Amino acid sequence: MTRTAAIIGGGVIGGGWAARFLLNGWNVQVFDPDPNCAAIFAEVLDNARRSLPGLTDVALPPEGAISFHATVAEAVAGAAWIQESVPERLELKHKVLAEVQAACDPAAVIGSSTSGFKPSELQDGAARPGQIMVTHPFNPVYLMPLVEVVPSAQTDLALVEQAETILHSLGMYPLRVRKEIDAHIADRFLEAVWREALWLVKDGVATTQEIDESIRMGFGIRWAQMGLFETYRTAGGNAGMRHFMAQFGPALKWPWTKLMDVPEFTDELVDLIAGQSDEQSGHLTISELLKARDDNLVGLMRALKANDWGAGAVLNAQQKAIDPRPQSLADVADLGRPILMGRRAVPLDWTDYNGHMNEAKYLQAFCDATDRFMELVGCDMDYIATGGSYFTAETHIRHVAEANAGDVIDIHTRLLGGEGKKMHLWHEMTRNGEIVATGEHFLLHVSLETRRPSEPKAEIVAALAQIAQAQAGLPLPEGAGRHVGQKR
Ligand SMILES: NC(=O)c1ccc[n+]([C@@H]2O[C@H](COP(=O)([O-])OP(=O)(O)OC[C@H]3O[C@@H](n4cnc5c(N)ncnc54)[C@H](O)[C@@H]3O)[C@@H](O)[C@H]2O)c1
């Protein structure tokens, strides 16, 4: 059954949460007194639809439905998750949480996006404090995996676990904060960096652009993949963390930072920073900057995904959980028909200067489907480790229709021949049932030791024979055996 999330407060953060739930198949009910809320949402949703679905190599479930409501009570009706994202004012949050609790399911998760308040502060005077926790996200919520989950001593821990399971299912990474504290964990770092940056600008040491370059050309890239401690561990060489601390620890006494002082936010400082920022980025509109940000985040996270590392490992875990493809021959409902070997949205980084999917990516999609078919017949990583695998000898792709970023494509696979060392595959790529491309591939089983053709193990031979026999009655697909330049 489709589940429902209520979004209370639909600004930057509420809009991002709405997109995250919606694109992961939840229905979303929104309450925000601002009449422009639906228009703001439309822009956030457009950006999310462009970028999120292609992050994983398996398509997300079909989108849920979004509706806007005139009262909090209507918005929370039937919701299993209620996300409060109203402005950061404690008395407003208290008022809204009271309205929510007066109408919502007592078993629902109530998460607050608050950047600064502790959960115990939010729970003050609440009807059911145990239901309330902080679930602090990062912008853009539809792409960034991190959510700081902060319970207080009063929060129901079973509900917190339920919340974490749901966040995992949304492709997010719940980080349980073990001790409530103002501003949680990540924003405390950000504040430290922000303070230091304000001093550097005020003292004329660096411009806003120079500070940004020092981050994005250096430690920003490092931090995205190993964070602070693991990075420093590698910096210590083979002697590791102890060596690093012995070497650099004393420098902390010098001290380099002005962290505890805050420069006064005078008009002069604000003008200086705003002016430098205009000079640095004023040639781009905010909407252009948001698109660039999303494109870059998708690219970075997909690189991490290929290495099953950090934020990429989170995506792989989500992908495994939503993968609709059969895991084994026994899972295939009807072996006599082409088998689903791929269902994915075209990612942003698969499109080219013509705005559509680049031809190399068609081969990538077919190659992924072939890998999946190999696993299905028993040529998995364990088997490959024993010294046998399939190598592709020939490929013929027909491009029939354009595919654009975000389009969901299916790949169904037939075995045209599978005797002995041979594996002759036919992939059909479709979008809403319409053919986008076909791929015909001829593979040979090889010994990884001699790099020469060799017989596969008996179980693979048997699996191929079973599929070939079941599909023998299908007519030869239109286009099979074609060569380049043949008339259509
Ligand atoms: N902006 C960020 O980067 C960021 C990141 C993480 C968390 N947060 C937190 O998220 C929360 C919202 O921040 P934001 O940046 O989205 O603010 P925002 O100002 O963009 O959005 C707040 C929305 O709440 C609506 N609102 C006001 N009163 C309301 C009410 N009584 N009921 C329902 N909606 C109401 C406003 O109309 C507005 O659309 C804050 O607690 C903030 O600390 C912000």
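**Close-up views of a predicted model**

**View 1. Ile-13 and the residues around it.** When its neighbours within four places in sequence are set aside, Ile-13 is in contact (heavy atoms within 4.5 Å) with Ser-85, Ser-113, Pro-137, Asn-139 and Val-141. This is a predicted model, in which local features need pLDDT of at least 70 and side-chain atom pairs count only at pLDDT 80 or more, while totals for chains, interfaces and linings use all residues. Residues are numbered from 1 along each chain as its sequence is written, and side-chain values use heavy atoms, with hydrogens and water left out. Ile-13 belongs to helix α1 (residues 12–23), where helices (H or I, at least four residues) and strands (E, at least two) are DSSP runs numbered from the N terminus. With a relative accessible area of 24%, Ile-13 is partly exposed, a class that lies between buried (under 20%) and exposed (over 50%), as found with a 1.4 Å probe and protein chains only.

View 2. Apart from neighbours within four places in sequence, Gly-14 is in contact with Ile-7, Gly-9, Phe-41 and Ser-85. An unreviewed UniProt entry places the feature "binding site" at Gly-9, Gly-10, Gly-11, Val-12, Ile-13 and Gly-14; such annotations may be inferred rather than shown by experiment, and feature names are shortened.

**View 3. The parallel pair β2 and β3.** Strand β2 (residues 27–31) pairs with strand β3 (residues 66–69) in the parallel sense over four bridges, where pairing requires that DSSP finds at least two bridges between two strands. Between these strands the chain passes through helix α2 (residues 37–51), and this β-α-β crossover is right-handed, which means that, with the strands pointing away from the viewer, the path from the first strand over the helix to the second runs clockwise.

**View 4. The open sheet of five strands.** The strands of this open sheet follow the order β9-β11-β12-β13-β10, with antiparallel pairing. Its edge strands are β9 (339–345) and β10 (388–399), each of which pairs on one side only. Within the sheet, β12 (residues 422–431) and β13 (residues 434–447) pair in the antiparallel sense over ten bridges, and Leu-425 stands opposite His-441 in β13.

**View 5. A helix across the sheet.** Helix α14 (residues 359–376) lies across β9, β10, β11 (408–417), β12 and β13, running at about 125° to β12. Such angles run from 0 to 180 degrees between N-to-C directions, with axes fitted as lines to C-alpha atoms, for helices over the stretch in contact.
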